[in-house]
Amino acid sequence: MELESNRNSSVLTDPAPTSKSRLGIHSSLYSPPNVVFSPGLFLKIQKKKPLTVDDVRSNSWLEAMKSSSPTHRKKAKDCASELVLTDTDVAYRNWMLTYPSALASFERITNYAKGKRIALFLDYDGTLSPIVDNPDCAFMSNAMRIAVRNVAKYFPTAIISGRSRDKVYEFVGLTELYYAGSHGMDIMGPVRPFSNDHVNCIRSTDKQDKEVNLFQPASEFLPMIDEVFRSLVDSTKEIKGAKVENNKFCVSVHYRNVDEKHWTTIAQCVHKTLKDYPRLRLTHGRKVLEIRPVLDWNKGKAVEFLLESLGLTNCDDVLPIYVGDDRTDEDAFKVLREGNLGYGILVSSAPKESNALYSLRDPSEVMEFLKSLVAWKKPSSL
């Protein structure tokens, strides 16, 4: 869901619904059985109509914020709640007929990957680390770090996060990886000549003084992002639980710890600020509002850039795999699906529409998937 800001209007819209067959990508590998279930067992996913945001007090605006951050139902002791929980579980299992588990489908994935070079792309929050109340405490476990380090020994691996590149590097702390922060607007990749399309790509060095390519397509927006950050810090300082995060090329306003009755105030602060910055837009994440440059660049573009950096474009023997949990990861899923390039894997414990082909329930299953990749690759590398 995005709020596009320009000089004429600001409109909140959903991505266009997928019309192409999801079997378009390696369709011979994905053919779920033709099973019919009672419609009442499926969790319906509502489609929201475009709406204006001149009046951010409207119920539609609040519903947009709520739908971006669903509250998971807690297990209750009474029989009625148990029945609802069971229906939810059944709905998730039915959803997995369309988005099968990448663990249960691992043999199918690796059968296709035989003779191919896998390139692995990973989101951070909600994928390698759990979603937590304080975004500064989204630490990955030591076991996950070991799993990521091991998988990077066999496959080129990159982290693509909405966080600033420096911040996600501090969380991960592995020099074996490539990092893309600010939703792919700040990429550090291997040195390789590029076409003139990448005019914002410069030669630099990493923390180990190794020569790298640094690509920052939104560098001209840095002063503007800093202004917006300072403005939002000031305007939200009286809202208990609100946190504004400067992610270098984007600003994140977290409302996870804000009482729902104050969400309207958060929306007003953001909307008022954006009125003065028509070159910035607003997108929704999981209990976070993100202000980004109006730029034709996203996580999908970042995947394409990194594949080019690694010399893996236009190759029939390359299989990119992208694992992510948020709607900003949908751009990467879409690139892989529409180009028949590779597999998107959605990390979600609740049914939702996606451009991904497979699913994993949570970071613990992501870790098992990474371990499985290493175990599969080890024998074949001997």
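Going by side-chain atoms, the count of salt bridges here comes to 17. Keep in mind that this is a predicted model. The structure also holds 13 aromatic pairs.

**Salt bridges**

- Start with Arg165, which is buried at 10% relative accessible area. Arg165 forms a salt bridge with Asp166, with the closest N and O atoms 3.9 Å apart, and Asp166 itself is partly exposed at 41%.
- Arg165 also meets Asp186 in a salt bridge, at 3.1 Å from N to O. That pair links distant parts of the chain: Arg165 sits in helix H5 and Asp186 in strand E7, 21 residues apart.

**Aromatic pairs**

- The ring centres of Phe139 and Phe171 lie 5.6 Å apart with planes at 65°, so this pair counts as edge-to-face. Phe139 is in the loop between strand E4 and helix H4, and Phe171 is in helix H5, 32 residues away.
- Phe139 is exposed at 54% relative accessibility, whereas Phe171 is buried at 9%.
- Trp297 and Phe305 are another edge-to-face pair, with centres 6.4 Å apart and planes at 70°. Both of these residues are buried.
- Tyr92, Trp95 and Tyr99 are joined into a cluster by ring pairs.

How values were computed
Residues numbered from 1 in each chain as written. Predicted model: local features only at pLDDT ≥ 70, side-chain atom pairs only at ≥ 80, totals over all residues. Heavy atoms only, no water. Phe/Tyr/Trp six-rings, centres within 6.5 Å; stacked < 30°, edge-to-face > 60°. Helix = DSSP H or I, 4+ residues; strand = E, 2+ residues; numbered from the N terminus. Buried < 20%, exposed > 50% of the residue type's maximum accessible area, 1.4 Å probe, protein only. Salt bridge = Lys/Arg side-chain N within 4 Å of Asp/Glu carboxyl O.
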